[in-house]
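Me: Hi! Could you walk me through this structure in plain words?

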Amino acid sequence: MTETLLDTAFAAMQAAPDDDTARLRFYDRLAGSELFLMLAEEPVGENITPEIFDVQDAKFVLVFDLEERMTQFAGRAVPYAALPGRALAQMLAGQGIGMALNPEVAPSEILLPPEAITWLVGTLDNAPEEREARPERLAAPRNLPQVLLEALDSKLASTAGLARSAYLAEVTYEGGGIGHVLGFVGALEGAERALAGAINEALIFSGLEAGALDVTFVKDSDPLAAELARVALRFDLPEPEKPAEIKQVAPGSDPDKPPLLH
């Protein structure tokens, strides 16, 4: 069976049990992956009833990162809800329920206890802060850790269609403050919160202590866009996939309308 990105992140975490960065990357991949939650019965409207089993004093739902892995585990077709890992974690948080990921069917098999789900949701809830500052000078980025650049590249790859490109530069602000800024050009109206949140997650899950990166949104006509194009490191965001005709939407496939646990 095909190795998934979640398998790769899990293997890296297992190979370096004392490496906090590898562990954070696994949880980042978990939050960003589409997961298939096995249900005990067909959904009723927006209400779902997951399969739950007990291990010692904890309860776990059955979760898979591939539909065929779920079918292999069950030995038959079963009802399910497909939803992002972060949405599933938010549904489970505070209910004393953990995740059994890919049990018996993949190298990334692991039991994530309720405490791990609570930690993940708390980490994802660290929203970026808004502030105003006026850039005075831009320059090519310097002395940035490779782990951060890799985290940014991976996270930006998941924002297809939300902006055309992003530019990373060193910035000097009025008053003398120096840092780094990621400027999005061609962002869709209303996508600013999602893009800023994605970059915030890249910082959090990169494992860097006291990591900071400013995010700004620039119009094509803004002189700042030309200056970024001249000196900054450019990231081209992937084009969105052409939508396919969908006759029936599985519960949980819309991250803005997650199903309700019953």
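Reply: Happy to! Rings of Phe, Tyr and Trp (its six-membered ring) pair if their centres lie within 6.5 Å; planes under 30 degrees apart count as stacked, over 60 as edge-to-face and the rest as tilted. This is a predicted model, where local features need pLDDT of at least 70 and side-chain atom pairs count only at pLDDT 80 or more, while totals for chains, interfaces and linings use all residues. Residues are numbered from 1 along each chain as its sequence is written, and side-chain values use heavy atoms, leaving out hydrogens and water.

Me: Which residues do ring pairs link into a cluster?
Reply: Phe10, Phe26, Tyr27 and Trp119.

Me: How are the rings of Phe26 and Tyr27 placed?
Reply: Their centres are 5.4 Å apart and their planes at 75 degrees, so this pair is edge-to-face. Phe26 and Tyr27 are both buried (under 20% relative accessible area; exposed is over 50%, partly exposed in between, with a 1.4 Å probe and protein chains only).

Me: And what about Phe184 and Phe217?
Reply: That pair is stacked, with 5.6 Å centre to centre and 15 degrees between the planes. Phe184 counts as buried because its relative accessibility is 0%, whereas Phe217 is partly exposed at 31%.

Me: New topic: is Arg134 buried or exposed?
Reply: Exposed, because its relative accessibility is 56%.

Me: What does Arg134 touch, beyond its neighbours within four places in sequence?
Reply: Arg134 is in contact with Tyr173 and Glu174, where contact means heavy atoms within 4.5 Å.
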